[in-house]
Amino acid sequence: MKNDVNNQWVLAKRPVGMVKTTDFEQVESQIGEAKDGEITVKVTHIAFEPAMRGWINEGDSYVKGVEIGEVMRAQSVGEVIESKNDAYKEGDVVSGFFGWQEFSTLEPSASMFPIQVLPEGVSPEMALSVLGITGLTAWGGMLEIGKPQEGDTVVVSGAAGATGNIAGQIAKIKGCRVIGIAGGPEKCQWLIDELGFDGAVDYKSENVSERLKELCPDGINIFFDNVGGKILEAALDNIATNARVVICGGIVGYNEEELPPGPRNYMQLVLTSSTMEGFLLGQFGPKLGQAAMELGQWVGEGKLKFTVDVQEGFDNVPQTFLRLFEGKNLGKQLCKVA
Ligand SMILES: NC(=O)c1ccc[n+]([C@@H]2O[C@H](COP(=O)([O-])OP(=O)(O)OC[C@H]3O[C@@H](n4cnc5c(N)ncnc54)[C@H](OP(=O)(O)O)[C@@H]3O)[C@@H](O)[C@H]2O)c1
C-alpha cells in the first residue's frame, strides 16, 4: 500500500461567481502509512452540501476556509484499511470528513469532525443522508426552531433537496399540512406522490406568492427556508399570525458576487407578530444523538423515506458538486467513488 497512488481533488483557485469544475484540480499523492493512533480510510462515498461553496471563499466563516492547494473538504464514508488506533479495526465502515480523495490517513481525535463507525444496518447512503448533516439539520431546524403543532400549515423551500424533503416529512409526521416549493413539475409531483406532501409549487413556472395564497388560505404557520431571495419574500407575503420563519439556508446567494437587498417585505414579521430565526446544525450538539435515533426509528417504521442521488466515479466529483446549483439532484447528492 505504501507508495500507492492516492488521487485527490484540491482547490485550484477561488471561484468568482458560479463555481466551476476548473476551480478544482486533480492531483496525485501517495497513500499515507498510519502511525500510532492513526487510521487509513479508503473512501467509498462522498456527500455534497451547498455550504461547501462558502468554504472555498476567501477567509473563514462558521468553519475554517479551505486553502488553495488543500484537498476539498467533504463528509464521506469509507472502509478502514489500516488501523493503529484501538477504537477502529480494519474493515470498519466509518463516516467522517475524509475529503475529495481516494484515501485519507488521519488521527481520529484530531479530526475537525467525529469519525463514527456505522452501526449494523446503516448503509453509507443512509449515514450520509437522513442520518448525516442534512437529515440532522432538517430535524433541528423543523423541531427545535419551527416547533410544529398538529394542524399547522408548513411550507418548505428547496423541498426536493436533501434537507427540504426530510424537513417536510418530519412536519407531516407531526400532523401538519405540508406544501413544498421546488424547481420543475417532476420534483413537485414526486413530493406529492412519493412523500405525501399536500401540495407543491413549481417556482420556475408559477407565481409563488399567488400559489401559496391559494394553497395556504389561512396563512403559513412555519416557513422552512433553504433558498432565500424572492422565494422568501413570497412566503413572507403569506405568513399567518405568530408564524415561525426558519432560515436554514439561502442558496440563491451562494454563487453571487454581490447580494441584492431584501427581503423587501420583512415588515410582514411586524404585522403578524412573527419570528424569523436562523440556526446552525452545530448548535443542537447535545441533542444530535437523540435526533439520529428518532430519524432512524421513523425510517424503520416506514414513516420517513430517504432518497439519494448517487453519481459515480472519482473523476466526476466536481461535476457532482455543481449539480446542487443546477438543481439536478433529487434528495441527497452523493458520489460513489469506489
Ligand atoms: N443551517 C445549517 O446548519 C445547514 C446545514 C445544512 C444545509 N443547510 C442549507 O440547507 C439548504 C439545502 O441544502 P442541501 O444540502 O439539502 O441541498 P439540496 O437542497 O439537496 O440541493 C440544493 C437544491 O437547491 C435548489 N437550488 C439551487 N440553486 C437554486 C436557486 N438559485 N434558487 C432556488 N433554488 C435553488 C435546487 O433545487 P430546485 O431544483 O428545486 O431548484 C437544488 O437541488 C442550503 O441552503 C444549505 O446551505 C443549512
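The protein chain is divided into domain 1 (5–129 + 307–336) and domain 2 (133–282), with bounds that come from an automatic or database domain assignment. This is a predicted model, in which local features need pLDDT of at least 70 and side-chain atom pairs count only at pLDDT 80 or more, while totals for chains, interfaces and linings use all residues. Residues are numbered from 1 along each chain as its sequence is written. Helices (H or I, at least four residues) and strands (E, at least two) are DSSP runs, numbered from the N terminus.

**The two domains**

- The centres of domain 1 and domain 2, taken over C-alpha atoms, are 29 Å apart.
- Domain 1 gives 19 residues to the contact and domain 2 gives 16 residues; two residues are in contact if their C-beta atoms, placed from the backbone, lie within 7 Å.
- On the side of domain 1 that touches domain 2, α1 (52–55) and β15 (332–336) each supply at least two residues.
- That side of domain 1 has seven nonpolar, nine polar and three charged residues. Here Ala, Val, Leu, Ile, Met, Phe, Trp, Tyr, Cys and Pro count as nonpolar, Asp, Glu, Lys and Arg as charged, and the others, Gly among them, as polar.

**The ligand shell**

- The ligand has 30 residues around it, of which Gly161, Thr163, Gly183, Gly249 and Gly327 come nearest; a residue counts as near if its C-beta atom, placed from the backbone, lies within 6 Å of the molecule.
- The ligand lies between domain 1 and domain 2, because both give residues to the shell around it.
- At least two residues of the shell come from each of α3, α4 (162–173) and α10 (317–326).
- By class, the shell holds 15 nonpolar, 13 polar and two charged residues.

**Helix α3 and its partners**

- The axes of α3 and α4 come within 8 Å and cross at roughly 45°; axes are lines fitted to C-alpha atoms, for helices over the stretch in contact, and angles run from 0 to 180 degrees between N-to-C directions.
- α3 and α4 are therefore oblique to each other; angles under 35 degrees count as roughly parallel, over 145 as roughly antiparallel, 65 to 115 as roughly perpendicular and the rest as oblique.
- The crossing of α3 and α4 is right-handed: a crossing is left-handed if the near helix is turned anticlockwise from the far one by less than a right angle, and right-handed if clockwise.
- Residues of α3 in this contact include Thr134, Trp139 and Leu143, and those of α4 include Ala162, Thr163 and Ile170.
- The contact of α3 with α4 has nine nonpolar, five polar and no charged residues.
- Helix α3 (residues 133–146) also meets helix α9 (residues 288–300), with axes that come within 10 Å and cross at roughly 105°. That angle makes α3 roughly perpendicular to α9.
- Gly135, Leu136, Trp139 and Gly140 of α3 touch Leu288, Ala291, Ala292, Glu294 and Leu295 of α9.
- Six nonpolar, two polar and one charged residue make up the contact of α3 with α9.

**Helices α6 and α7**

- Helix α6 (residues 208–215) packs on helix α7 (residues 229–236) at about 35°, and their axes are 8 Å apart.
- α6 passes α7 in a right-handed crossing.
- Val208, Ser209 and Leu212 of α6 make the contact with Ile231, Ala234 and Ala235 of α7.
- This contact has five nonpolar, one polar and no charged residues.

**Backbone exceptions**

- Most residues other than glycine have a negative phi, and most peptide bonds are trans.
- The peptide bond from glycine 262 to proline 263 is cis, with omega near -5°, and proline 263 is in the loop between β12 (239–247) and α8 (267–271).
- Lysine 147 has a positive phi, near 50°, and is placed in the loop between α3 and β8 (153–157).
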